[in-house]
Amino acid sequence: MLKGKNIILGVTGSIAAYKAAYLIRGLVKRGAKVQVVITPAGKEFITPLTLSTLSGAPVISEFFSNRDGTWNSHVDLGLWADAMLIAPATAATIGKMANGIADNMLITTYLSCKAPVFVAPAMDLDMFAHPSTQQNLERLRGFGNRIIEPAEGELASHLTGKGRMEEPENIIRILEHFFKEKEDLQKKKIVITAGPTYEKIDPVRFIGNYSSGKMGFALAKVCAERGAEVILIAGPVAELISHPNITRVDVESADQMYEAAMATFPDANAAILCAAVADYKPIHPREEKIKREVSGELSLQLTPNKDIAASLGAIKKDNQFLVGFALETNNEEVHAIDKLKRKNLDFIVLNSLREKGAGFRYDTNKISVIDKDGAVSHYPLKTKQEVASDIVDKLATLLL
Ligand code: PMT
């Protein structure tokens with residue numbers, strides 16, 4: 001899986017920097033080309049000579065060579081890489097990555113890198129547990145980076161806890177798994193809807209819902225990492241995503257989401273409809289703010305929005321596939337099966353608000369998948385990233 005892959009290995013100033021030597025050996029042994037980029041602090045822990053001898057290439061550390069003035073192009077490096085692995089990643093480097101503080105060659109390379117980035121933190125348990133580190137890691141996840149969780153064990157401080165960089169052989173296994181998965185959706189185009197829609201009442205108010213976009217964005221990330229070209233049609237959400245395979249189309253209302261979906265679906269291989277689309281919109285949105293009356297009630301007249309899933313279901317060709325979601329609160333399977341049939345879906349993902357940790361805003365979800373023939377598969381509570389992988393695994397079997 002790693003044969004011929006170009007890997008940038010970022011090494012930072014941690015006692016775990018010695019593990020970079022084992023990483024290089026393992027990667028090179030499997031046929032990967034490794035280019036080491038080391039921070040100034042990294043050089044205090046392991047010598048460039050060791051790393052360049054093992055990788056067979058000069059180690060890059062500075063923006064340019066003092067001797068002859070030649071530049072090290074972080075842009076070229078970023079384009080060359082099939083993956084970037086930062087191992088060990090210190091709290092300082094993680095903080096700089098999360099905030100775009102490009103004061104060394106490693107960070108500029110990271111910011112230029114078009115390839116997926118893997119980050120293996122290494123630090124003391126309290127530093128790892130600190131809210132600032134955790135927030136920075138969460139940010140990096142939001143940018144689409146993959147965090148390789150540190151293990152628990154004895155640390156350089158002689159304390160025991162979570163913060164030990166994952167062992168090199170496990171990191172290599174994660175990279176191998178990633179490249180294996182990556183291939184299966186290449187040359188496929190997948191449209192994904194995510195987040196809520198806002199239906200305008202007046203210039204300051206709207207009808208909306210609690211969808212955060214997390215589930216839809218996780219699906220977009222998984223599809224993109226497996227090689228698909230993704231059109232992510234997103235309602236108003238705070239989620240961030242960045243991947244060369246993802247084109248993000250931001251919309252606000254159900255009408256705008258409908259237009260974007262109808263325009264992009266005809267030459268797509270599949271669509272995953274994860275958005276929580278408002279079923280109704282005000283018939284007459286006001287141009288001016290509705291003023292509070294002294295007494296009496298206010299009535300809003302609503303009209304149904306177009307059903308995006310059903311509209312795509314109506315134009316779907318034999319070689320196209322549609323995956324819908326059903327968000328239910330009661331009689332879950334009955335309602336989901338009805339939506340599956342009515343919208344001409346190939347399978348439907350059911351999540352119920354009765355399940356703890358499932359549905360809106362959580363980082364987790366608990367789903368059942370119902371096939372066209374009525375077969376139901378139940379899944380345990382997992383992270384939305386893992387749930388997205390399960391859904392995409394299922395879709396991939398149809399797209400083969
Ligand atoms: O965004 P998160 O906070 O991570 O939450 C994720 C989620 C709960 C929003 C997601 O998992 C989910 O369940 N999405 C579908 C929500 C929904 O609107 O379900 P529904 O049962 O009302 O709709 C059924 C299907 O028809 C859905 O695929 C929906 O996208 C689609 N639909 C609905 C109405 C409409 N006008 N057009 C549509 O395409």
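Which residue of E4 does Met84 stand opposite? Met84 faces Val117. The model is predicted; local features need pLDDT of at least 70, side-chain atom pairs count only at pLDDT 80 or more, and totals for chains, interfaces and linings use all residues. Residues are numbered from 1 along each chain as its sequence is written, and side-chain values use heavy atoms, with hydrogens and water left out.

Helices (H or I, at least four residues) and strands (E, at least two) are DSSP runs, numbered from the N terminus. Two strands pair if DSSP finds at least two bridges between them. Strand E3 (residues 83-89) and strand E4 (residues 117-121) run parallel and are joined by four bridges. They belong to an open sheet of five strands, ordered E2-E1-E3-E4-E5, with parallel pairing. Its edge strands are E2 (33-38) and E5 (146-147), each pairing on one side only.

**The eight-stranded sheet**

A further open sheet has eight strands in the order E12-E11-E8-E13-E16-E17-E19-E20. Its pairing is mixed. E12 and strand E20 (376-378) are the edges; each pairs on one side only. Neighbouring strands of this sheet are turned by 15° against each other on average, direction ignored. H10 packs on the sheet and touches E8, E11 and E12. The direction of H10 makes about 165° with that of E11. Contact means heavy atoms within 4.5 Å. Axes are lines fitted to C-alpha atoms, for helices over the stretch in contact, and angles run from 0 to 180 degrees between N-to-C directions.

Strand E13 (residues 270-273) pairs with strand E16 (residues 321-328) in the parallel sense, over four bridges. Ile272 stands opposite Val323 in E16. H11 lies across E13 and E16, running at about 160° to E13.

Which residues of helix H10 (residues 254-264) are buried? They are Ala254, Met257, Tyr258, Ala260, Ala261 and Thr264. Buried means under 20% relative accessible area (1.4 Å probe, protein chains only). These residues pack against strands E8 (189-194), E9 (199-202), E11 (229-234) and E12 (246-250), and against helix H11 (308-315).

**Helix pairs**

Two packed helices are described by the angle between their axes and the distance between the axes.

| Helix pair | Angle | Axes apart |
|---|---|---|
| H9 (residues 214-225) and H13 (residues 384-399) | about 55° | 8 Å |
| H4 (residues 91-99) and H7 (residues 131-142) | about 50° | 9 Å |

H4 is therefore oblique to H7. Angles under 35 degrees count as roughly parallel, over 145 as roughly antiparallel, 65 to 115 as roughly perpendicular and the rest as oblique. The crossing of H4 and H7 is left-handed. A left-handed crossing has the near helix turned anticlockwise from the far one by less than a right angle; a right-handed one, clockwise. H4 contributes Ala91, Ile94, Gly95, Met97, Ala98 and Asn99 to the contact, and H7 contributes Thr133, Asn136, Leu137, Arg139 and Leu140.

H9 and H13 are likewise oblique to each other. Their crossing is right-handed. Among the contact residues are Met215, Ala218 and Leu219 of H9, and Val387, Ala388 and Ile391 of H13.

**A residue of H2**

Ser55 is in helix H2 (residues 48-55). Is Ser55 buried or exposed? Ser55 counts as buried, because its relative accessibility is 12%. Not counting residues up to four places away in sequence, Ser55 touches Ile24, Val28, Val34 and Val36. Ser55 and Thr383 lie 328 residues apart in sequence and 36 Å apart in space, C-alpha to C-alpha.

Methods. Buried < 20%, exposed > 50% of the residue type's maximum accessible area, 1.4 Å probe, protein only.
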